[in-house]
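Thanks for coming. I will go through one model, a few places at a time, and the sequence and structure are up now.

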Protein chains: 2
Amino acid sequence: MANVEELKKKISELEAKLAAAQGNSGPVRQKIDVMSSEVVDSNPYSRLMALKRMGIVDNYEKIRELSVAIVGVGGVGSVTAEMLTRCGIGKLILFDYDKVELANMNRLFFQPHQAGLSKVDAAAGTLQSINPDVAIDAYNYNITTVDNFQKFCDTISTGSLTGGPVDLVLSCVDNFEARMAINTACNELNQRWFESGVSENAVSGHIQFIIPGETACFACAPPLVVASKIDEKTLKKEGVCAASLPTTMGIVAGFLVQNTLKYLLNFGNVSHYLGYSALTDFFPTMSLKPNPQCDDSYCRRRQTEFKAKPVVELATEVKEDDTPIHADNEWGISLVDENSPEEETSNLKLAEGVEVAYSIPVDNNTPETSSGGAVAASELSLEELMQQMKSM
Amino acid sequence: MANVEELKKKISELEAKLAAAQGNSGPVRQKIDVMSSEVVDSNPYSRLMALKRMGIVDNYEKIRELSVAIVGVGGVGSVTAEMLTRCGIGKLILFDYDKVELANMNRLFFQPHQAGLSKVDAAAGTLQSINPDVAIDAYNYNITTVDNFQKFCDTISTGSLTGGPVDLVLSCVDNFEARMAINTACNELNQRWFESGVSENAVSGHIQFIIPGETACFACAPPLVVASKIDEKTLKKEGVCAASLPTTMGIVAGFLVQNTLKYLLNFGNVSHYLGYSALTDFFPTMSLKPNPQCDDSYCRRRQTEFKAKPVVELATEVKEDDTPIHADNEWGISLVDENSPEEETSNLKLAEGVEVAYSIPVDNNTPETSSGGAVAASELSLEELMQQMKSM
């Protein structure tokens, strides 16, 4: 017969095991006041602080002062949040309104025992147990409704560790409306952000850096054809869903956070657009200038403000030091400039190996999102364009 | 006063919570006999089976019959294992002999509460809770000792679900000796494998597909300079460690598993070599033919066998269907062949944008791993080469 003392001992053991398994117990990983370079097994920051000794980053510990908002905590956003958490970002602000499902288990991050929890709460719990030094705010709402949009704008404009605007917004959403909402907010608030996306056939993706007034915003060159507001949820109801792979989503999250780190910590060159085509391992890069006839009035205002500033290179905040750009180039590769088709596309500045698939509209009508009629297509049939745009 | 019944109830509640938190309880996620395409929230395979309807993969469920060995379960190997587990691979065989430390927390996968566990056991536990359908074998030993090397060879040659050789070996190790051990084993066993690596400054990496006799093996073109057998462990003793980032390691793991899926499931084009330079977002690809004077006698034997076969393209097992190679190319990009410097490098077949940094040795002496003296360098000084090789 079990006596009370034995049962109490068993309870105490189970509580300790549970605390360890949940990873949110005190003793597992205490908060750390100051990032140290000390090379000991118990220092979670030694491999990051080593970036200073390696000559990659001047001031890695600055990351603890910085705040990043992540909109969408799915296949890309959750991995993005985990990478920034492990890098020791000062503060993360998460937005999503979806629940974890077993159908999400083909992507990294969430685990079966979290099924049914809200994505932001499940994510915040895991992230906090991975790194208790990161401040994490989680918002479980849809940013595209009128009320929530205003709350979203307020949060990103006052959400930093010092009460000011966040340092960067990362869009990891899966639909057109949410991207347009983020675009509208960031143009109005003059907030820099990264767009990201993965195609519904799971084998391509991209990231895009948007500096209001300096680079094309999401409304400057909208998708030619948007499948009449269909998102993943709508598709599911018909017994059809988009394909996804942990590889493609992990790679896009990796590109997103790598360029976020380069931007925030001032090293390397931040890509304005980086694509990934998995079938052929092809990675197009380019820069897009803003459209002077953009539908978004705040975009046009930011363009005017930018033009009024002294002329500087697009990427002035990116350090260009005196070391050769390919100091770590193991293959002796030299980049060759190709001729850009400037004549046809005066407001597109294309990088190597890329040419335009279509012309940007120059009229100022509201684009009809369910057809390509407002846009002058070049070289491709409407069917081909539909095919391309379906996978955006 | 607590009575026995109350205490027993408390114990039962705690046990249920612990099982859920550990993610290894029965009810959280039951095994699934047959992969289904059904689009319901409870189906962890719906988004993968959708690859069939999207026209990307003909026979996705074949993945359940396939076995992959992963050598090294660190920053790259653990994420590689998680991606394959979430994709529903039939069997994973893990090799490592290291323990989880808080110093590993700047990379994805392991969590603070696992500190102190062996990497293979910690990984196997997490992976099994993510997907109980995957068979997982974990081996906690160093494959480079004489006894263990034989055990390693036996395991990969009989480790498949049907008792035959595994379908692929993935090298995710961090040192020269382990890579050479895998190379020796795979040449002898005629086993296809992928090499992977991340530089010690954390901002570049690569994957390489090695088909014995058909593509260059690791000994065909060894690193010019290897830092006299220093590995991470040795460096740590001096209070110095390599830098690492979750981004670079996650991206390299993503490339590795994406090309593994393309190879195993017969879609797209498998890259023979894919590099990643994070500072500039540059991604060199190339193909390397084997060195007829390779030091590895089994490599030379496989080359002879391959030459005796009817001449076929290197990548015959990769499906080349009739659809355009850039069907999902959103930018209308056309690839342009560049002239390869064939004269200087008869056994290197370089892809676009890449040129050789050095010549492959043609003499048959054992290369001196601690100096570049045996190699004719072209265009680069010894100091530059040392700098390049240090970061391999």
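Leaving aside neighbours within four places in sequence, A:S118 is in contact with A:D98, A:K99, A:V100 and A:N140. Contact here means heavy atoms within 4.5 Å. Before going on: this is a predicted model, where local features need pLDDT of at least 70, side-chain atom pairs count only at pLDDT 80 or more, and totals for chains, interfaces and linings use all residues. Residues are numbered from 1 along each chain as its sequence is written, chains are lettered from A and ligands numbered from 1 in the order in which they are written, and side-chain values use heavy atoms, with hydrogens and water left out.

Where does A:S118 sit? The residue lies in the loop between β2 and α4 (119-130) of chain A. Helices (H or I, at least four residues) and strands (E, at least two) are DSSP runs, numbered from the N terminus. A:S118 counts as buried because its relative accessible area is 10%; buried means under 20%, exposed over 50%, and partly exposed in between, with a 1.4 Å probe and protein chains only. The side chains of A:S118 and A:D121 are joined by a polar contact of 3.1 Å. That term covers a pair of N or O atoms within 3.5 Å; within protein, one must be able to donate a hydrogen and the other to accept it, and residues adjacent in sequence count only if both atoms are side-chain atoms.

Next, the sheet. In chain A, 7 strands form an open sheet with mixed pairing, in the order β3-β2-β1-β4-β5-β6-β7. Two strands pair if DSSP finds at least two bridges between them. The edge strands, β3 (135-140) and β7 (273-277) of chain A, each pair on one side only. Strands β1 (residues 67-71) and β2 (residues 91-96) of chain A pair in the parallel sense over 5 bridges, and A:V68 has A:L92 in β2(A) as its bridge partner.

Helix α6 (residues 176-189) of chain A packs on this sheet, touching β1, β4 (168-171) and β5 (193-198) of chain A. Its direction makes about 170° with that of β5(A); axes are lines fitted to C-alpha atoms, for helices over the stretch in contact, and angles run from 0 to 180 degrees between N-to-C directions.

Within helix α6 of chain A is A:N183. Is A:N183 buried or exposed? A:N183 is buried, because its relative accessible area is 1%. Beyond its neighbours within four places in sequence, A:N183 is in contact with A:W193, A:C217, A:F218, A:A219 and A:D296.
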